[in-house]
Amino acid sequence: MGKSMIERKGISLFGRAYGKIPTVLLLALIVFLFLLPHLVGKYVMYMTMHILILSVFSLGFNLLLGYTGLLSFGQAGFYACGAYGCAKILLVIPSLLPGIICGILFAGVFALILGFLCIRHTRIYFAMLTLCFGMMIYSLAWKWRTMTGGDDGLIGIPRAPLEIPGILSIDMSGMGNYYYFVLIVCLLAIMLLYRIVNSPFGLTLQGIRDSESRIAFTGISVKNYRLIAFTIAGLYAGLAGALIPPLENTVTPPLAHWTHSAEPVMATLLGGIYTFSGPIAGAFLFYVIKDIIVRFTEYWLIWLGAIVLALVMGLPGGVVSIFQRRLIPWIRLQFAKGSPR
Amino acid sequence: MTELLRTEDLSKAFGHFIAVDSVTINFTMDTLTSIIGPNGAGKTTLINLLTGSLPMDSGRIFFKGEEITKIPTNERVKRGIGRSFQIMNIFPMLTVFQNVQIPVLSLLNKSLKFFSRLDAHREVINEVERISKEVGLWDKREVLAGELSHGDQRLLEMSIAIASQPELCFLDEPTSGMNPRERVKILENIRRLSKERRTTFIIVEHDMDVVFSLSDRIVVMHRGGIIADGKPDEIKENQNVKEVYLGEELEEEII
Amino acid sequence: METLAFQGLIGLSLAMYLWLIAAGLTIVFGVLGILNFAHGSLFMLGAYFAFTFYGLLGINFWLSMLLSLLGVALVGLIMERFFLRYIYHLDVAYQLLLTFGFILIFDDAVKMIWGGVFMIPPMPDFFTGAILIFGRPFPIYNLFIISTGIGVAIGLWLILERTWWGRIIRASASDREMASAIGVNIPILFTTVFMFGAALAALGGALSTPVRVVAPGIGGAIIIQAFVVTVIGGLGNLKGAFVGAVIVGVLTAYGILLFPIFELFIIFVVMAAVLLLKPEGLFGG
């Protein structure tokens, strides 16, 4: 039983076998995140926002890698589309929602168009093609000065208020309110994606990952499904990117660079590709590792690199798989010991 | 006899090697047909052409009177053509239940539901349960397909194929690599399914015991062409077939 | 007209750096089946080693070149023997991630050792100066680069076609199991091939020192260009890599001249077009 029960299809929040413990932990985590502004300073809030944004970015990426079996190395292109799209709108219309929504849609349209071309390939060729399109977007952001501000990027983007005429108007100039905005938007996006991966569509994607030829013989058009997955991943990258300009007040070309595309790859593989929560855990680790190491040395990338090597060599299933296999059974065991017979 | 699938001068070459050489053939409803022939005779290639897994060089294919020559695989499946593969082809990282769920979702046009839970579709669950029980995999529904025994994997692959409820289903060497007990199980299933579900099976098989006990009709292929076609008794007596198989054995002995 | 021809020559010398790095990338991909993201970092290490030996320690130019090749080959040995060897069976995503980890390490290690600033190393005396081509001065050093690149191409061709080692490489590139069956020691072959590829990248890097800046991050920039080159020529196709390098080099040179804004963009358009229309590369079959 053991192994198959624990590794069972992997993709569920933590694996159904563990009963209520994860649900309780999850609720506690969400409550904690909502209380966070009262507990910590601006710096931790700022970091948490980046973790949330990278989580959304990586979850979208993992819809392609872990669920559909496609390795994209150009997600930063769509992230940049979201960021630049949002920034352009905010510079004209200082209102948060139009900016974010336009950013997402802009990225989604790009993903739909480029996805139509990319899904003709799989494996290494898909990775190369996405890398190529990502770099095309980068070169446009870098050189198309009139539109994108060139290598200076777009600056002075306002953290515009959240306004719905006649209904509400919330000032975002302080860090706290924007934190809640990012938290709520990201949690909604994560819940939505959780629904999607556990829907018939999500299962069908996993079938494509496991066997492309077999799934064609269930009457599924593989290309259409891949295109939908690619577009969703693009929308998620776009959302992640669109949350950036109000936070940083600036967007620059490196957002589209391939090294930025490597971030969700790293986060996802660190956390584990065959678990829904893997990318979130990976995003958290990524920033925590960075934050801790930077305190000791400015050369934090060397350590991040070493950790990447160690994890790929020693733990290719990702961190969450260890959590599933060792930690949760251990906690259950402790609970079982403690309970009276 | 109602015609199900018909080809006209179907051909396919790989470089200079002609794998299928202008084959014109007709498959009728409720006739369990076996395609036999020595290795490299073009059996699997023929199936690949009929199901759309490979593009053909020339010729035409008709299914239930309509031309399907240019229609992609997934559309052919929707019209009622299914298959299993010579090399095991299942969804190894999903459970047995999910393996069968995927084709059933597709059949009932539910694959594009983005936001509903999987267990919200009662009729899908019931159908998966029925199929898994029929073939005898219900007890293993929670096991990862990749961890099943070889025989069970073959059985699962057939279940995936029939879950799309094809009228015509190709099985490419359904009993290869199986032990005798597993073999009996799969043959029982084929017989039962052709009766109960009115699925017409076309089987590529090497095991002559299986072929002669199961088939209503046998088609013999050699070097891309059809050299004999008839009832099992006729094929047994056919001089061409004897020569091909005898010739093959002789060649093997010489080598 | 003369301007165009002259710019073509400049493109050709640019192409030779790309060729040297793409050659190693291609051989490693062909034999080991690994797309080495850190290959550009090996180029960068080659440049830093050469800069140290020649520019800082004042060792003879040729000896410095040789020492940097050996040094980077040694780094390659460590990479292959202790890391890559254990992940050949893993998905391509992990291979890319592992080699990406090396990029991070090498980039920061270089910053730690040599500092984060740009450095422009000296040019050996016998290479200074220029000759007149089409009435314009063309640096002698560029001619040296072009001839070295072509020399390496011929040398590689001879090694692969005429030597025992080359035959083994070609055999295992086309069929690993077959090569293993005829008694090739695959682990040793992989290690030596990887070291050889690393040395080729280092040669490119070392040769670039007198004319290009040496700085952390040049590896990450050039690896993308090398990917473009190998994709245009066809992944794992050495002949294609050479022609691909020439195409990209010359295109870049003309791009700078004609469309200074979209020079980079055009390169990626070409790459995408090849991937979409002829993914096996212009010279693949």
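## Confidence in the model

pLDDT is the predictor's confidence in each residue, on a scale from 0 to 100. Helices (H or I, at least four residues) and strands (E, at least two) are DSSP runs, numbered from the N terminus. This is a predicted model, in which local features need pLDDT of at least 70 and side-chain atom pairs count only at pLDDT 80 or more, while totals for chains, interfaces and linings use all residues. Residues are numbered from 1 along each chain as its sequence is written, chains are lettered from A and ligands numbered from 1 in the order in which they are written, and side-chain values use heavy atoms, with hydrogens and water left out.

Chain B as a whole has a mean pLDDT of 85, with 96% of its residues at 70 or more. For chain A the mean is 84, and 87% of the residues reach 70 or more. Among the elements of chain A, the lowest mean belongs to helix H1 (residues 2-7), at 36, and the highest to helix H11 (residues 222-242), at 95. Over residues 1-18 of chain A, pLDDT stays under 50.

## Strands of chain B

Two strands are said to pair if DSSP finds at least two bridges between them. Strand S1 (residues 3-14) of chain B runs antiparallel to strand S3 (residues 26-28) of chain B, with three bridges joining them, and B:Glu3 has B:Thr28 as its bridge partner in S3(B). S1(B) also pairs in the antiparallel sense with strand S5 (residues 58-63) of chain B over five bridges, where B:Arg6 stands opposite B:Phe62. S1(B) and S2(B) form a hairpin with two residues between them, and B:Gly15 in the turn has a positive phi of about 65 degrees.

An open sheet of six strands in chain B has the order S7-S8-S9-S4-S10-S11, with mixed pairing. Strand S7 (81-83) and strand S11 (225-230) of chain B stand at the edges with a single partner strand each, so one side of each is left without a neighbour in the sheet. Within this sheet, three bridges join strand S4 (residues 33-36) of chain B to strand S9 (residues 200-204) of chain B, and the two run parallel; B:Thr33 has B:Ile202 as its bridge partner.

## Helices of chain A against chain C

Axes are lines fitted to C-alpha atoms, for helices over the stretch in contact, and angles run from 0 to 180 degrees between N-to-C directions. Angles under 35 degrees count as roughly parallel, over 145 as roughly antiparallel, 65 to 115 as roughly perpendicular and the rest as oblique. The axes of helix H13 (residues 258-271) of chain A and helix H4 (residues 92-114) of chain C come within 11 Å and cross at roughly 120 degrees, which makes H13(A) oblique to H4(C).

The axes of helix H6 (residues 123-143) of chain A and helix H11 (residues 263-277) of chain C come within 9 Å and cross at roughly 160 degrees, and H6(A) is therefore roughly antiparallel to H11(C). Contact means heavy atoms within 4.5 Å, and among the residues of H6(A) that meet H11(C) are A:Tyr125, A:Met128 and A:Lys143, while those of H11(C) include C:Glu263 and C:Phe268.
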